[in-house]
Amino acid sequence: MKVRVRFAPSPTGGLHLGGVRTVLYNYLFARAHGGEFILRIEDTDQSRYVEGAEQYIMDCLRWCGLEPDESAEKGGPYAPYRQSERKQLYREYAEKLLESGHAYVAFDTTEDIEKMRKDQRIDEHTPAQYDHRTRGLMLNSLTLPTERVNELIASGTPYVVRIKMPENHTVKLTDMIRGEISFDSSLVDDKVLLKADGMPTYHLAVVVDDYLMKITHAFRGEEWLPSAPVHVLLWEYLGWKSHMPQWAHLPLILKPDGNGKLSKRDGDRLGFPVFAMNWTDPKTGETTKGFKEMGFLPQAFVNMLAMLGWNSGTEQEIFSLEELVKAFSIERVHKGGAKFDFEKAKWFNHQYIQHTDDAKLAELAKPYIEEELKSQPADSRLTTYDLRLVVSLIKDRCTLLPDFWSQGHFFFATPEIKEEAAIKDKWNDQKQQFFTNWLTEIQNLLDWTAIPIETNFTELLAKYGLKKGDVMLPLRVMLVGGKYGPGVFTIAEVIGKEETIKRIKRVLG
RNA sequence: GCCGCGUUGGUCAAUCGGCUAAGACGCCUCCCUUUCACGGAGGAAUGACGGGUUCGAUUCCCGUACGUGGUACCA
């Protein structure tokens with residue numbers, strides 16, 4: 001049987017890194033088994049519909065290089081891939097369940113249910129659920145005579161279809177990561193399957209669609225584990241038990257400090273992205289930063305995510321997507337949740353920057369440099385340089401793409417002197433004279449490359465009885481503006497004689 | 001509260017009964033570098049707790065604690 005897996009997000013906002021990891025594991029599993037990876041949009045909650053979210057999800061997958069084989073956009077043999085467009089389909093199965101007695105119709109209003117929860121409260125903290133203990137107290141096809149039920153339906157009274165969870169039944173399932181798990185059916189509530197607006201809930205839709213789309217393996221977040229018995233029972237009641245996919249419930253990604261699931265707010269609070277790409281809420285206009293825009297390479301992002309909850313059992317940490325396809329196995333996914341570590345994420349990106357060739361890097365860094373150049377004087381230069389050269393000089397100082405500006409700005413624009421003390425402290429006439437004289441010396445220097453420049457510099461130094469250590473840092477600050485960067489004479493070579501002289505003169509006055 | 005799942009250094013983690021418990025990130029020290037990085041060499045730092053099973057438990061079992069998820073006409 002052909003392996004078919006799916007990622008089934010609800011298009012309600014930014015794509016969380018946990019979601020991308022779920023996509024990744026699905027993708028790797030499908031590729032490794034010569035199977036298909038499907039993107040199914042779970043938009044059954046009309047009240048949570050968010051404009052643009054679906055397109056955004058696909059953009060994120062494209063950026064990550066994890067594109068589905070079948071989707072609403074691409075189409076495929078099991079279309080439509082948007083649950084809202086499959087609405088009519090689900091009712092048939094709900095009715096099947098009604099007929100077999102595994103589901104019932106309920107007319108209770110939200111207020112009725114709230115009242116029941118309050119009255120039947122189990123203890124002071126926990127309201128009762130709609131289950132085998134309380135359904136007999138409610139307005140449904142179990143308590144009402146059939147004629148009355150038909151009458152209510154005929155008169156247009158809103159109703160939902162609920163699953164009738166059996167009592168004292170142990171529901172078992174085998175999870176590829178966790179092994180055998182069992183639940184007591186008496187403790188699970190009678191979940192709504194079909195809402196009053198005719199849309200299915202996740203519980204019905206996921207089972208029906210996984211069956212119809214011939215999904216063989218279902219990977220999802222651990223937060224779904226508690227409702228898994230409902231899904232298992234549904235597979236059974238619909239008569240599809242032998243087609244049920246193999247489950248794998250993925251561990252959660254936790255916030256770095258404190259406890260709990262990593263949320264968008266944690267990113268804002270701690271200064272790192274949580275979404276794959278920038279997400280702008282169409283209602284508030286508020287933009288949340290993404291890994292892409294913060295300067296991550298998609299390959300680094302994906303590699304980092306792969307290692308968050310999985311490892312190959314070897315010491316290898318850097319994997320290309322192809323290598324991941326070969327090495328990945330769902331059984332080696334960790335059971336426990338992992339706290340997200342942004343420092344480690346940055347390390348991955350640094351590794352990828354070092355291993356990316358200069359031409360490609362130059363291309364990636366260019367937009368960031370161009371953006372910064374907009375606020376620089378017009379004579380600033382980008383086009384006069386081979387960006388590849390600059391990039392090769394500073395890449396090992398760069399962790400994120402914007403670092404190419406902060407580490408290399410002095411190649412493009414005359415820098416502001418930020419470490420004036422490094423020049424002014426211990427400054428004296430001797431140094432003043434030395435630099436003044438050197439300026440005339442280099443006017444005549446024919447070979448403007450790092451080594452001759454340095455030789456010339458060192459030789460003149462001796463005549464003034466100065467030590468190299470006395471003037472190297474001042475020279476650097478004159479050219480760079482701060483105490484960092486590649487070799488000073490290399491910088492002088494790259495920015496050119498004229499610019500070098502200009503920057504030194506500026507300080508000598 | 002109840003139910004599920006989990007628990008090896010600060011973080012990610014290896015180990016599938018023999019441990020002097022890998023490796024990586026981060027941190028610290030030193031070397032390299034007349035800057036900052038990169039690189040190199042070192043270092044500190046780990047089995048939640050209590051019972052079993054066993055010649056031997058990090059590893060298997062049971063409790064407890066802690067964490068986390070769920071407990072919606074949200075997914």
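How do the residues of the lining of the second largest pocket divide into nonpolar, polar and charged? They divide into 10 nonpolar, 4 polar and 3 charged. Here Ala, Val, Leu, Ile, Met, Phe, Trp, Tyr, Cys and Pro count as nonpolar, Asp, Glu, Lys and Arg as charged, and the others, Gly among them, as polar.

This is a predicted model, in which local features need pLDDT of at least 70, side-chain atom pairs count only at pLDDT 80 or more, and totals for chains, interfaces and linings use all residues. Residues are numbered from 1 along each chain as its sequence is written, chains are lettered from A and ligands numbered from 1 in the order in which they are written, and side-chain values use heavy atoms, without hydrogens and water.

Start with the domains. Chain A is assigned domain 1 (4–81 + 252–306), domain 2 (84–250), domain 3 (357–408) and domain 4 (420–508). These bounds come from an automatic or database domain assignment.

Now the pockets. A pocket is an open set of points on a 1 Å grid over the protein atoms alone, where a 1.4 Å probe fits, with protein on both sides within 12 Å along at least five of seven lines; lining residues have an atom within 4 Å of a point. The largest pocket holds about 1,100 Å³. A volume is the space filled by probe spheres set on the points, with grid points joined across faces, edges and corners. Domain 1 and domain 2 both give residues to the lining of the largest pocket, so it lies between them. Among its 35 lining residues, Pro9, Ser10, His16, Glu223 and Trp224 lie nearest the centre. Helix 1 gives the most to this lining, with 4 residues. Helices (H or I, at least four residues) and strands (E, at least two) are DSSP runs, numbered from the N terminus.

The second largest pocket has a volume of about 380 Å³. Its lining draws at least three residues from each of domain 1 and domain 3. Helix 13 supplies the largest share, 3 residues.

Turn to RNA strand B. There are 60 residues around it, and Arg178, Asn259, Arg397, Lys468 and Gly485 come nearest. A residue is near the strand if one of its heavy atoms lies within 4 Å of it. The surface near RNA strand B has 18 nonpolar, 15 polar and 27 charged residues. Helix 20 gives the most to this surface, with 4 residues. A polar side-chain atom of His334 lies 2.8 Å from a phosphate oxygen of RNA strand B.

Conventions:
Polar contact = N/O pair within 3.5 Å; in protein donor to acceptor, adjacent residues only side chain to side chain.
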